[in-house]
Amino acid sequence: MPEVLLEDLDHVGPATAQKLMESGFTTVEAIAVSSPAELATAADIGESTAAKIIMAARQSADIGGFETGDMVMERRKLVGKLSTGCIEFNEMMGGGIDTQAITELYGEFGSGKTQVAHQLAVNVQLPPEQGGLDGSVIIIDTENTFRPERIKQMVDGLSEKYGVEYDHEEFLKNIRVARAFNSNHQILLVDSALELANELKNSEKPVRLLIVDSLTAHFRAEYIGRGTLADRQQKLNKHLHGLQRFGDLNNASVIVTNQVMSKPDAFFGDPTKPIGGHIVGHTATFRLYLRKSKGDKRIVRLVDSPNLPDGEAIISVTTPGLRDP
Ligand SMILES: Nc1ncnc2c1ncn2[C@@H]1O[C@H](COP(=O)(O)OP(=O)(O)OP(=O)(O)O)[C@@H](O)[C@H]1O
């Protein structure tokens with residue numbers, strides 16, 4: 001599809017286009033999924049004009065409309081399973097982490113969310129015989145927690161496990177990381193990820209995994225207090241739909257992390273419930289609650305899956321990677 005420029009949209013003059021770009025609305029897609037109030041503020045225009053611009057953007061943007069049942073069926077047949085490398089964990093997930101789905105890892109700090117994400121970034125690159133998807137990965141890193149050194153350790157761990165000499169440099173080349181500086185930037189990076197995935201679609205390693213670590217940290221920091229809750233949930237909702245769409249279009253797994261607090265939190269309510277609450281819950285297809293146990297052991301609990309029984313698996317987080325205890 002040829003790229004549509006902001007100025008090409010009805011009701012958008014050069015000055016408005018400029019203001020929109022400056023406020024981070026750099027693509028027609030970003031405008032298509034925004035709200036009139038948001039756009040009006042960003043471009044200094046009336047809400048009714050903003051609504052017209054959004055309609056125009058929706059008509060020209062490829063934001064996904066209806067699919068027929070047989071199309072959905074065809075797409076579902078392609079659902080892949082990404083191995084976690086742990087037998088019990090895989091079994092609990094019906095074979096592995098589904099593609100075309102969002103899987104949320106939530107838990108306290110240090111519960112191993114980032115470790116699981118790193119391991120999946122390695123495993124996705126393996127051939128299907130070894131539980132991979134022969135793909136590459138995009139990571140949206142919001143808290144600067146991506147560590148290439150950790151990837152190297154895990155690749156060395158794989159070499160040990162399979163008795164094959166894997167080259168960690170090759171694995172690192174198939175991991176593309178972008179830092180998200182705030183929640184708006186984070187949302188826009190999904191558009192960039194879509195573009196990148198399109199470019200790589202016919203390459204040797206198409207993008208089969210998207211990781212957002214952390215999904216909620218920026219939202220949590222930026223939207224403080226009850227008054228902004230609805231706003232935050234709306235943004236988060238939009239973001240999650242963008243992520244789901246990424247998973248569908250690329251037959252990719254989407255992994256998001258979400259920190260929960262051990263201490264009661266005045267702003268976000270029940271400490272055992274992940275922030276983002278209902279919105280993440282209703283949009284994420286699989287929710288995994290991670291808990292620390294003795295030593296390097298972690299308990300992974302599957303909560304509220306649409307087609308699998310709830311269950312628990314124990315894994316070990318070790319230097320060479322995730323292992324069966
Ligand atoms: N190289 C390593 N070898 C062994 N264990 C490690 C290694 N690196 C990290 N870990 C383990 O992983 C833990 C950190 O987990 P991780 O960073 O995944 O937590 P998290 O759930 O993402 O936390 P946060 O919410 O703070 O980001 C460490 O406490 C340690 O137990």
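Predicted model: local features only at pLDDT ≥ 70, side-chain atom pairs only at ≥ 80, totals over all residues.

Colouring by secondary structure brings out 13 helices and 11 strands, and of the 325 residues in the protein, 42% are buried. If you consider the contacts between residues at least 6 apart in sequence, 65% of them join residues at least 24 apart.

Next, select residues 36-43, which form helix H3, together with residues 47-60, which form helix H4; the two pack with their axes 8 Å apart and at an angle of about 110°. Because angles of 65 to 115 degrees count as roughly perpendicular, H3 is described as roughly perpendicular to H4. Showing side chains here, you will find Pro36, Ala37, Leu39 and Ala40 on the H3 side, meeting Glu47, Ala50, Ala51, Ile53 and Ile54 of H4. Sorted by class, this contact has eight nonpolar residues and one charged residue, with no polar ones.

Now move to residues 229-250, helix H12, whose 22 residues should span 32 Å at 1.5 Å a residue, in agreement with the 32 Å between its end C-alpha atoms. Which residues of H12 are buried? They are Arg232, Lys235, Leu236, His239, Leu240, Gly242, Leu243, Phe246, Gly247 and Asn250. Turn the view to look down the axis of H12, and these buried residues fall within an arc of 155°, so they line one face of the helix.

Finally, step just past the end of H12 to Asn251, which takes a positive phi of about 45°.

How values were computed: Residues numbered from 1 in each chain as written. Axes fitted to C-alpha atoms, helices over the stretch in contact; angles between N-to-C directions. Helix = DSSP H or I, 4+ residues; strand = E, 2+ residues; numbered from the N terminus. Parallel < 35°, antiparallel > 145°, perpendicular 65-115°, else oblique. Contact = placed C-beta atoms within 7 Å. Nonpolar A, V, L, I, M, F, W, Y, C, P; charged D, E, K, R; others polar. Expected span 1.5 Å × (residues − 1). Buried ≥ 20, exposed ≤ 12 C-beta atoms within 10 Å, placed from the backbone. Arc of directions from axis to C-beta.
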